[in-house]
Amino acid sequence: MSATSIQSQPVAASASHAVAPASALEIDTSCRAPVLVLFLSAAAWLVVSSVLGMIATLKFHQPNLLADCAWLTYGRVHPAHLNALVYGFALQAGLGVMLWLVAHLGRARLALGPGIIAGAVLWNLGMTAGILGILYGENTGFEWLEMPRYASATLFSGYLLIGLGGMLTLRLRNERRLYISQWFILAALFWFPWIYSTAEFLLVAKPVRGALQGAIDWWYTNNLMAIWLGFTGLAAIFYFIPKITKQPFYSHYIGVFIFVALALFGSWGGIPPGVPLPAWMPAMSTMGAVLTAVPILALVFNMYRTMECALPNRGESRPFNFFHFGLLAYIFAGLAGAAASLMRVSKITNFTWFVPAHAQLLIYGFFAMTMFGAIYYIVPRLVQAEFPKPGLITLHFFLAALGILLYAAPLAIVGYEQGKMLNDASQPFQLITAKTLMFLRISTTGDLLMALGHLILALNLAALLAQVARVAAAAAWTENTKVAEVAT
């Protein structure tokens with residue numbers, strides 16, 4: 001097997017790329033404003049998502065909570081919560097990590113910085129309009145595509161500007177050899193505009209008819225989760241875990257196999273068995289979902305050999321905890337998704353609490369935890385300062401990890417039991433619903449712990465930036481005082 005070291009990739013010399021590689025400090029300086037804008041916006045939307053999510057989950061225990069406010073009914077606040085989480089936090093955090101990785105792996109300054117900032121502004125304007133539109137009642141009715149058309153167009157324009165900056169940086173890289181993370185990033189940059197524009201056109205702009213609408217929505221949500229979120233999260237894991245443990249990535253070729261297999265099979269899943277569509281569509285979807293178990297097992301082997309007998313130092317172990325947890329969550333979620341695509345399992349788990357448990361394990365347990373680790377690793381390097389209270393990072397990890405476990409595990413367990421009871425015609429529906437309440441209360445506790453973790457993330461970022469601002473202001477004051485003394 002070939003081991004690929006991040007630290008020692010050679011720089012290819014050519015006439016067309018005679019510019020010396022940029023230093024890490026120069027790269028971080030070029031990334032500072034665009035990446036910080038994306039990270040801070042992501043953190044803000046994460047807090048908004050937490051508030052909306054808590055309102056939604058509390059309605060299961062107190063149905064009359066805020067019932068007199070149409071804007072905050074469950075049918076509006078729940079999709080607003082999911083859209084704020086996916087588009088407000090996940091995509092912006094993912095794009096920020098992508099840009100930083102592309103610049104560092106290519107040993108080149110980030111290109112089109114002002115354009116990326118303009119794209120982030122457009123994205124957040126679209127997010128604001130979209131969330132307000134959902135709360136106002138202008139929901140399209142399609143899962144993860146609920147935002148109205150005017151908001152979607154703004155989001156798409158913002159993404160194109162941000163993606164263009166990433167592509168230009170990749171094109172102008174000084175390191176010509178592509179590390180495995182760049183394969184995943186390049187695919188993800190192109191994947192989102194393709195699936196988003198296709199789904200928006202076929203479901204919102206020029207909607208197709210009948211059951212085909214469900215098939216397109218399933219295809220879109222699966223591709224967004226399995227490919228965009230999956231590729232972006234894996235790109236971060238493949239970079240940061242070898243970097244922090246100071247071990248080379250075990251096998252580049254296994255990494256390429258994982259990339260190709262996930263791109264081929266991962267995009268086919270999402271359509272559950274037994275839906276009213278031509279039989280070949282759910283059959284192909286099941287085949288693709290089951291075959292994703294093969295690259296996941298290859299991932300287990302590759303990362304085990306990469307991390308074997310490797311321990312991060314104390315200072316970098318805090319971000320590493322997030323990456324390690326995210327990797328384990330991806331493995332469990334991927335294998336659970338492959339199993340749930342089988343007819344024998346799907347007839348029990350479909351239309352139960354197992355479905356949101358699995359989705360949240362992938363979105364939050366894998367992707368969000370990976371992004372938290374990346375943010376805690378990248379931001380100090382952007383501002384050249386450490387977090388003033390590193391203990392809060394550890395606290396955030398334990399709150400987030402315990403929160404997602406208390407959310408996903410009870411819902412997965414009760415979802416399986418719920419499915420068996422739903423398939424038993426002798427079980428009254430009221431009894432089935434009553435038996436889920438205890439598990440819902442536990443999952444609400446998990447929601448609360450995750451929300452507290454999000455507040456700590458926002459507090460950490462605010463405290464660090466305030467510290468940097470104070471130091472910069474003190475330095476500027478000292479410099480101005482010296483200039484005034486010399487002048488007098």
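**Close-up views of helix packing and aromatic contacts**

**View A. Helix 3 and helix 4 pack against each other with their axes 7 Å apart.** The angle between helix 3 (residues 113-136) and helix 4 (residues 149-171) is about 160°; axes are lines fitted to C-alpha atoms, for helices over the stretch in contact, and angles run from 0 to 180 degrees between N-to-C directions. Helix 3 and helix 4 are therefore roughly antiparallel (over 145 degrees). Their crossing is left-handed, that is, the near helix is turned anticlockwise from the far one by less than a right angle. The contact residues comprise 14 nonpolar, 9 polar and no charged; Ala, Val, Leu, Ile, Met, Phe, Trp, Tyr, Cys and Pro count as nonpolar, Asp, Glu, Lys and Arg as charged, and the others, Gly among them, as polar. Helices are DSSP runs (H or I, at least four residues), numbered from the N terminus.

A note on the model: this is a predicted structure, in which local features need pLDDT of at least 70 and side-chain atom pairs count only at pLDDT 80 or more, while totals for chains, interfaces and linings use all residues. Residues are numbered from 1 along each chain as its sequence is written, and side-chain values use heavy atoms, with hydrogens and water left out.

**View B. Helix 6 and helix 9 cross at roughly 20°.** The axes of helix 6 and helix 9 (residues 293-307) come within 10 Å. Helix 6 and helix 9 are therefore roughly parallel (under 35 degrees), and their crossing is left-handed.

**View C. Trp191 and Phe231 form an edge-to-face aromatic pair.** The structure holds 37 aromatic pairs, counted for rings of Phe, Tyr and Trp (its six-membered ring) with centres within 6.5 Å, and edge-to-face means planes over 60 degrees apart. For Trp191 and Phe231, the values are 6.3 Å centre to centre and 65° between the planes. Trp191 lies in helix 5 (residues 180-205) and Phe231 in helix 6 (residues 212-245), 40 residues apart.

Methods. Helices (H or I, at least four residues) and strands (E, at least two) are DSSP runs, numbered from the N terminus. Angles under 35 degrees count as roughly parallel, over 145 as roughly antiparallel, 65 to 115 as roughly perpendicular and the rest as oblique. Rings of Phe, Tyr and Trp (its six-membered ring) pair if their centres lie within 6.5 Å; planes under 30 degrees apart count as stacked, over 60 as edge-to-face and the rest as tilted.
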